[in-house]
Amino acid sequence: MEHGERAGLHPVVRDEPAGHSSEGDDQLIQLVEGRCRPTPSCGRSNRTDGIGPNTRLVIPAAADGTLLSPTDLVARARTLGLLVHVWTLRSEPIFLSPSYSGDIGVEFRQFRDLGVDGLFTDFPDAAARALNATLPFSR
């Protein structure tokens, strides 16, 4: 699952490659794992519409996995007109922060509330349940 609309994060399952639309409005998202400052060298090229940061670049975690305060990466990307699609939200205990108390829905909603446009997940059914339960919403 990967797709976002500027009015809010809406789970959409597609049969097409991520970022591709049959309507011709393709969006190129540059995946980022290391340090990223949205600049011409990271997420702002002639063909890049947005960045795809690892979730911990947006919400860092301590060594024990508990979450720290969110960074300003989403806000900085916005100042450059970039979309933000985080990756990869997963519900297995090894990946899900103990701060979420085992509820992946809390993580989906937190990233939506932080203003991301889209997300990558291995659990689209959980994303749909978590986000559809709170629709409609907008920024």
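The largest pocket of this predicted model holds about 160 Å³ of space. A pocket here is an open set of points on a 1 Å grid over the protein atoms alone, where a 1.4 Å probe fits, with protein on both sides within 12 Å along at least five of seven lines; the volume is the space filled by probe spheres set on the points. Its lining, meaning residues with an atom within 4 Å of a point, consists of Asn54, Thr55, Arg56, Trp87, Thr88, Leu89, Arg90, Ile94, Phe95, Leu96 and Glu107. By class, five of these are nonpolar, three polar and three charged. The largest share, three residues, comes from β3, while α1 (55-58) and β3 (83-89) each supply at least two. Helices (H or I, at least four residues) and strands (E, at least two) are DSSP runs.

Two of the lining residues, Arg56 and Glu107, also form a salt bridge, with the closest N and O atoms 3.5 Å apart. This pair joins helix α1 to helix α3 across 51 residues of the chain. The structure holds seven salt bridges (a side-chain nitrogen of Lys or Arg within 4 Å of a carboxyl oxygen of Asp or Glu).

Helix α3 (residues 104-113) also meets helix α4 (residues 124-132): the axes, lines fitted to C-alpha atoms over the stretch in contact, come within 9 Å and cross at roughly 65 degrees. The contact (heavy atoms within 4.5 Å) involves Ile104, Gly105, Phe108, Arg109 and Arg112 of α3 and Ala126, Ala127, Ala130 and Leu131 of α4. By class, six of these residues are nonpolar, one is polar and two are charged.

Residues are numbered from 1 along each chain as its sequence is written, and side-chain values use heavy atoms, without hydrogens and water. Local features need pLDDT of at least 70 and side-chain atom pairs 80 or more, whereas totals for chains, interfaces and linings use all residues.

Key
Nonpolar A, V, L, I, M, F, W, Y, C, P; charged D, E, K, R; others polar. Axes fitted to C-alpha atoms, helices over the stretch in contact; angles between N-to-C directions.
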